Amino acid sequence: MSAHLQWMVIRNCSSFLLKRNGQTYSTEPNNLKSRNSFRFNGLVHKKTVGVQPAADGKGVVVVLKKRTAQRKPASAYVKTTINKNSRATLNSVRHIISKNHYRKDLRMAAIRRTCAILKSQKPVVVKKKRTRATKTA
C-alpha cells in the first residue's frame, strides 16, 4: 500500500493523536517534531528517522527504518547508539542522514531533536548568590 493511501487512512483516526491548543500532535515513534503531518509521520514512510535518548541517560539512539524489511516489523529498525561529546554527536547524526542520502528533508529536525536531548542530559548547575558583606562601624 502506498504511503499516501496509508496517510489518508490514519491522518484523522490514529491512536497516537493528541489535540491540544487548537493543534493536532502525534505521539508515534520516529516522529521527530511530534506533529501530525505526512512529512514527519513515522508509520507510513518506507524510510523514517527517529532520535531517542539512550537508556543509560548519556548520549542518543538514532533509529532508522530499513527499506527492505517492510513486512517484518521486528527487524525493520536499525538502532545506532551515539555516546560522544555534543559536537561529535551532532556531526554523527548529520553524517548518518546526509552522507547516506537518507531522508535529507529530516536532517535539521533530527539535529534539533538531538540537541534538545543532549541539553536535557546535562546536569543543572546551581549558581550561588553572592551576599554583600555588612558594613561595620
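Tutor: With Leu-106, in the loop between α2 (86–98) and α3. Helices here are DSSP runs of H or I with at least four residues, strands are runs of E with at least two, and both are numbered from the N terminus. This is a predicted model: local features need pLDDT of at least 70, side-chain atom pairs count only at pLDDT 80 or more, and totals for chains, interfaces and linings use all residues. Residues are numbered from 1 along each chain as its sequence is written, and side-chain values use heavy atoms, with hydrogens and water left out.

Student: Why is Leu-106 called buried?

Tutor: Buried means under 20% relative accessible area, exposed over 50%, partly exposed in between, with a 1.4 Å probe and protein chains only. Leu-106 has 4%, so Leu-106 is buried.

Student: Which residues does Leu-106 touch?

Tutor: Leu-32, Arg-39, Phe-40, Val-49 and Ile-97, not counting residues up to four places away in sequence. Contact means heavy atoms within 4.5 Å.

Student: What makes β3 and β5 edge strands?

Tutor: The open sheet has the order β3-β4-β5, with antiparallel pairing. β3 (49–53) and β5 (77–82) each pair on one side only. Neighbouring strands of this sheet are turned by 20° against each other on average, direction ignored.

Student: What angle does α3 make with β3?

Tutor: Helix α3 (residues 107–121) lies across β3 and β4, running at about 5° to β3. Axes are lines fitted to C-alpha atoms, for helices over the stretch in contact, and angles run from 0 to 180 degrees between N-to-C directions.

Student: How do you know that β1 and β2 pair?

Tutor: Four bridges join β1 (residues 17–20) to β2 (residues 23–26), so they meet the requirement of at least two. They run antiparallel. Arg-20 stands opposite Gln-23 in β2.

Student: Which residue of that hairpin takes a positive phi?

Tutor: Asn-21, near 55°. The hairpin of β1 and β2 has two residues between the strands.
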